[in-house]
Amino acid sequence: MNITVLTPEKEIFSGNINSVKVPGSQGAFQVLKNHAPIVSSLDEGKVSIVTAGGGYRYFDVESGAIKESNEAGRTLVFAIQGGFIEVLNDEVSLLVTGIENGLDG
Amino acid sequence: MAANLKEVRERIRSVQNTQQITKAMKMVSAAKLRRAQDAILSMRPYAEKLNGMLRNILSNLEGDAETVFGQERELKNACLVVMTSDRGLCGAFNTNVCKAAVRTIETKFADVYADGNLTILCIGKRGYDYFRKRYTGARIDNSHVNLFHGLSYENIAKVAGSLLDAFEKQEFDAVDIAYGKFKNAATQYTITEQFLPVAKIEREEGDAMLADYIFEPGKVELLQYLVPTILKTQFQKCLLDTHASEHGARMTAMDKATENANELLRELRISYNKARQEAITNEILEIVGGAAALEQG
């Protein structure tokens with residue numbers, strides 16, 4: 001399943017993932033493959049993405065550049081202040097604000 | 001003639017110095033413009049996705065979407081946001097933005113201004129300087145005048161959020177933004193746009209229901225989250241546009257100045273050469289005259 005994580009300033013993650021956990025405003029939930037279509041607002045909290053093989057691009061905080069990787073099963077966690085998630089046909093769009101400490105995993 | 005020669009030489013040198021500065025400023029602006037354009041481009045996917053979500057919800061919604069930000073109220077208190085640059089030397093850019101703002105004050109907000117209920121929120125020093133002196137009948141808000149120093153979404157969202165709050169609390173019944181809309185490096189439009197209340201959000205034809213979505217917390221509640229976020233990105237777009245326009249305008253202005261300096265230098269060189277030739281001719285005449293006098297004697 002594919003995901004794009006966008007902030008108002010840049011794209012911070014895009015690529016193939018196994019699962020994503022988000023702090024929905026009615027409780028945290030996890031999105032796996034073949035999830036029903038959903039649109040939800042997100043509260044302050046942590047998003048964690050588990051990557052899959054097939055390549056993904058992410059914004060590396062230390063170097064401040066977009067990096068590519070193929071490593072599967074990697075868990076990336078980042079704190080957000082709020083946002084929205086949309087899932088449709090295994091395409092996840094995550095719109096978030098207030099990424100504080102970036103991606104670590 | 002020697003004094004004239006020296007004068008011209010000094011002028012040439014001074015023009016050359018100025019040209020060097022304008023050339024450097026043009027180059028700096030070109031680099032900054034590219035970065036400003038990149039910023040506009042990189043926020044676009046986010047804004048588009050947000051709008052996509054909005055349309056998605058609307059297509060699933062029965063009836064019209066109504067939020068507090070669409071409320072049309074009687075115009076008693078208003079706010080005009082004026083986005084200008086911090087520095088000058090960018091042609092008529094700041095003047096044009098201020099003119100666009102003044103047009104709005106004199107037409108749409110004329111009554112509000114006459115009643116002393118107009119707030120002018122200045123972002124960018126130039127606009128602040130302009131309105132501080134001329135429009136003493138309005139409240140001039142300079143608390144965000146330095147926003148261009150830290151143009152992060154966080155800072156922008158704070159300002160936009162406070163405007164939204166004020167509208168919600170009925171402190172303002174309308175908010176307009178005067179800014180420089182960026183088209184390309186050579187063209188910028190300076191216009192005033194209505195920010196609040198937002199135009200009625202209408203379902204577009206052909207907005208087919210894409211899928212049977214689950215909406216959390218609910219369609220109407222989601223709209224209450226979504227609309228302010230969209231408005232904040234709109235505000236951000238205005239700021240980024242102004243920023244890019246400023247650098248575009250400065251680049252064009254400095255390019256023209258450099259060209260002008262070239263023209264000036266060409267003319268100065270001609271007059272310098274003329275003066276030099278004249279001095280030489282005079283000297284030769286003197287020598288020839290002297291020699292002729294000697295021969296005769």
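Q: Which residues does B:Ala178 touch, not counting residues up to four places away in sequence?
A: The model is predicted: local features need pLDDT of at least 70 and side-chain atom pairs count only at pLDDT 80 or more, while totals for chains, interfaces and linings use all residues. Residues are numbered from 1 along each chain as its sequence is written, and chains are lettered from A and ligands numbered from 1 in the order in which they are written. Two residues are in contact if their C-beta atoms, placed from the backbone, lie within 7 Å. With residues up to four places away in sequence left out, B:Ala178 touches B:Leu80, B:Val81, B:Val82, B:Met83, B:Val97, B:Ala100, B:Ala101, B:Thr104 and B:Thr192.

Q: What is the radius of gyration of chain B?
A: Chain B has six helices and six strands, and its C-alpha atoms fill a box of roughly 115 × 45 × 30 Å along the principal axes. The radius of gyration is taken over C-alpha atoms, and the globule rule is 2.2 Å times the number of residues to the power 0.38. That rule gives 19 Å for 297 residues, so chain B is more spread out than a compact globule, at 29 Å.

Q: How far apart are the centres of domain 1 and domain 2 of chain B?
A: The bounds come from an automatic or database domain assignment. Domain 1 of chain B covers 2–27 + 253–296, and domain 2 covers 29–202 + 209–251. Taken over C-alpha atoms, their centres are separated by 52 Å.

Q: Which elements give two or more residues to the side of domain 1 of chain B that touches domain 2 of chain B?
A: The contact takes six residues from domain 1 of chain B and nine residues from domain 2 of chain B. On the domain 1 side, the elements that give two or more residues are helices H1 (2–60) and H6 (219–296) of chain B.

Q: What radius of gyration does chain A have?
A: Chain A has zero helices and nine strands, and its C-alpha trace spans about 35 × 25 × 20 Å along its principal axes. For 105 residues a compact globule would have a value near 13 Å, which agrees with that of chain A, 12 Å.

Q: Which element gives the most to the side of chain B that touches chain A?
A: The contact takes 25 residues from chain B and 22 residues from chain A. Elements giving two or more residues on the chain B side include helix H5 (153–168) and strand E6 (214–216). With nine residues, the most comes from H1(B).

Q: Which residue of E6(B) is the bridge partner of A:Ser40?
A: Two strands pair if DSSP finds at least two bridges between them. Strand E4 (residues 38–42) of chain A and E6(B) pair in the parallel sense over three bridges. The partner of A:Ser40 in E6(B) is B:Glu216.

How values were computed
Helices (H or I, at least four residues) and strands (E, at least two) are DSSP runs, numbered from the N terminus.
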